[in-house]
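Here is a short report on one protein model and its ligand. Keep the structure in view as you read.

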Amino acid sequence: MVFGDLRGWIDALRAAGELHEIDAEVHWDRELGTITRKVFGRGDGPALLFNNITDHQDTVCRRLFTGGLSSYRRLAMMLGLPKDTPVGELVKKTRAVFAERLPPKVVATGPVKENIITGADIDLHQFPAPRWHARDGGRYINTYAGCVTRDPETGIHNVGIYRGLIGQKNTIPVLLFRPQHWGQHFTKYERMGTNMPIAYVYGWEPSLGFCAGGALPGGVCEYDVMGAIRGAPVELVKCETSDILVPASAEIVIEGFISSDPATFEPEGPFGEFTGYFGGERAKRHSTRVTCITHRNDPIMRGTLEGAYPGHINENAIMSSVQRAAIAWNVLDRAGVPGVTDVHCPPIHMGVVLMIQIEQSYRGQAKQAAMAIWGSGAAHNRYKHIWVVDRDIDIRDYSAIDWAYAFRVNAAEGDILTVPGTFGVPIDPSTRLPDRDALQFGTGKWCRVLIDATVNFDYRREEAFGGERYPPSVKPPAEDLERVERRWHELGFEDR
Ligand SMILES: Cc1cc2nc3c(=O)[nH]c(=O)nc-3n(C[C@H](O)[C@H](O)[C@H](O)COP(=O)(O)O)c2cc1C
């Protein structure tokens with residue numbers, strides 16, 4: 001689906017009854033975030049366009065859009081599918097488009113160049129960045145920005161979503177984890193002794209956030225995948241102060257450089273994180289020195305509310321549950337793990353727990369699957385705990401998972417595997433604070449756990465079990481069920 005830009009996407013949402021516009025004045029300080037929290041609900045609320053934000057009625061940017069992908073219905077719209085497409089089908093479609101590439105096209109100029117701000121005129125306070133949550137350490141302008149960097153060796157662009165707040169009027173301090181692709185780029189620039197050019201892109205078609213927020217394989221350019229999702233090349237223009245390429249019809253682009261010199265570090269954090277807790281405690285961190293802002297006339301800011309907790313599903317949770325399952329399934333495929341029949345990430349933890357369903361044909365298959373996932377770059381922020389179950393277990397039914405956990409897991413037989421000391425997201429509070437200092441260690445420290453809830457292929461086939469490894473199930477045979485169903489009314493029961 002080609003929407004053209006953020007405005008085209010907003011028009012499509014309006015026409016589909018998926019947008020709620022708020023013209024009443026709303027304060028950027030906590031009120032906007034709290035409204036968003038209530039509207040996101042359990043992942044069933046509309047997208048939101050705030051048209052009247054306190055202190056921003058007369059600034060360069062007056063409006064903010066959020067929640068474009070905070071429901072499965074809208075995620076289906078982005079993929080060009082019917083709004084009621086089941087989640088499992090969204091995962092399969094995402095697997096397919098994440099494996100396709102349609103390279104971008106560079107154009108001379110575009111609407112994002114309608115206004116160009118440089119030098120002393122740069123003032124980030126002209127943009128309505130909310131303090132989303134009560135204890136956020138500032139106004140987080142980067143919650144859904146596509147952060148574009150370029151690998152200095154290969155020249156390949158990367159687009160990721162990484163948090164950042166307004167520091168001074170021309171700085172954006174950030175939280176930079178080294179295993180993330182911008183972190184890998186930064187390490188290369190650092191070794192070359194140069195600052196890293198970066199561009200933050202706010203507001204474009206929905207495929208931007210969907211691709212930027214998911215761990216596509218290293219060396220894959222998100223612009224190529226966005227092109228595949230929309231079925232047309234993304235049109236890009238060159239930044240004013242670097243060679244970075246950005247979508248020509250983006251709402252706002254903030255250009256800058258990040259230095260490794262500690263003298264340039266600025267206070268950042270904490271922020272209401274995807275874990276549902278405040279994370280990344282306040283500390284001096286890398287900061288972006290802004291060199292230019294380009295924007296459309298009357299631009300629309302894009303942001304999102306990060307934290308989720310039981311009963312409160314957010315945009316990242318909806319996106320992750322589809323995108324992280326698709327990514328994991330593709331990792332398993334690329335690694336050659338056979339027999340994978342389904343992969344699921346429940347939205348609440350955004351893929352920190354992964355469910356894999358397999359058709360086993362040999363011993364050790366569950367461990368092979370878990371190792372393949374944990375050995376991939378996609379595992380940095382996700383997949384801390386992995387369940388593997390057999391094909392008869394519906395991975396979208398927690399009672400089925402629980403039953404398999406009860407009767408197919410025996411820790412004494414090696415069904416629970418722990419792998420301590422691996423890389424992992426540094427804002428997970430279940431890791432002690434000193435162990436997840438990203439400046440010291442580059443990232444956090446996760447003990448990964450596999451729960452292998454499959455029937456153990458180390459067990460012998462038993463005659464007593466009809467030649468199987470496990471006894472027969474109590475589930476009535478089909479002929480017994482049919483006989484009873486034929487007599488159902490005679491027995492005095494209603495249809496069911
Ligand atoms: C709304 C949202 C906010 C995110 N915030 C961060 C963040 O602050 N830091 C981070 O490292 N990853 C964050 N992520 C996850 C990354 O965007 C994700 O891991 C992605 O794979 C990064 O791109 P990369 O794989 O090209 O490095 C966020 C994702 C979303 C959807």
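## The ligand site

A polar side-chain atom of Asn-381 sits 3.3 Å from an oxygen atom of the ligand. That is a polar contact (a pair of N or O atoms within 3.5 Å). The protein covers 96% of the 630 Å² of accessible area that the ligand has on its own. Such areas come from the Shrake-Rupley method with a 1.4 Å probe.

Glu-222 also places a polar side-chain atom 3.3 Å from a ligand oxygen. For Asn-158, an N or O atom of the side chain is 2.9 Å from an oxygen atom of the ligand. In total, 20 residues surround the ligand, and Asn-158, Tyr-162 and His-181 are among the closest.

## About the model

This is a predicted model: local features need pLDDT of at least 70, side-chain atom pairs count only at pLDDT 80 or more, and totals for chains, interfaces and linings use all residues. Residues are numbered from 1 along each chain as its sequence is written, and side-chain values use heavy atoms, leaving out hydrogens and water.

## Helix α10

Helix α10 spans residues 398–408, and Ala-400, Ile-401, Ala-404 and Arg-408 are buried in it. Buried means under 20% relative accessible area (1.4 Å probe, protein chains only). Helices are DSSP runs of H or I with at least four residues; strands are runs of E with at least two, and both are numbered from the N terminus.

Seen down the axis, the buried residues of α10 fall within an arc of 100 degrees, so they line one face of the helix. The arc is taken from the directions from the helix axis to the C-beta atoms.

Technical notes: Buried means under 20% relative accessible area, exposed over 50%, partly exposed in between (1.4 Å probe, protein chains only). A residue is near a molecule or strand if one of its heavy atoms lies within 4 Å of it. A polar contact is a pair of N or O atoms within 3.5 Å; within protein, one must be able to donate a hydrogen and the other to accept it, and residues adjacent in sequence count only if both atoms are side-chain atoms.
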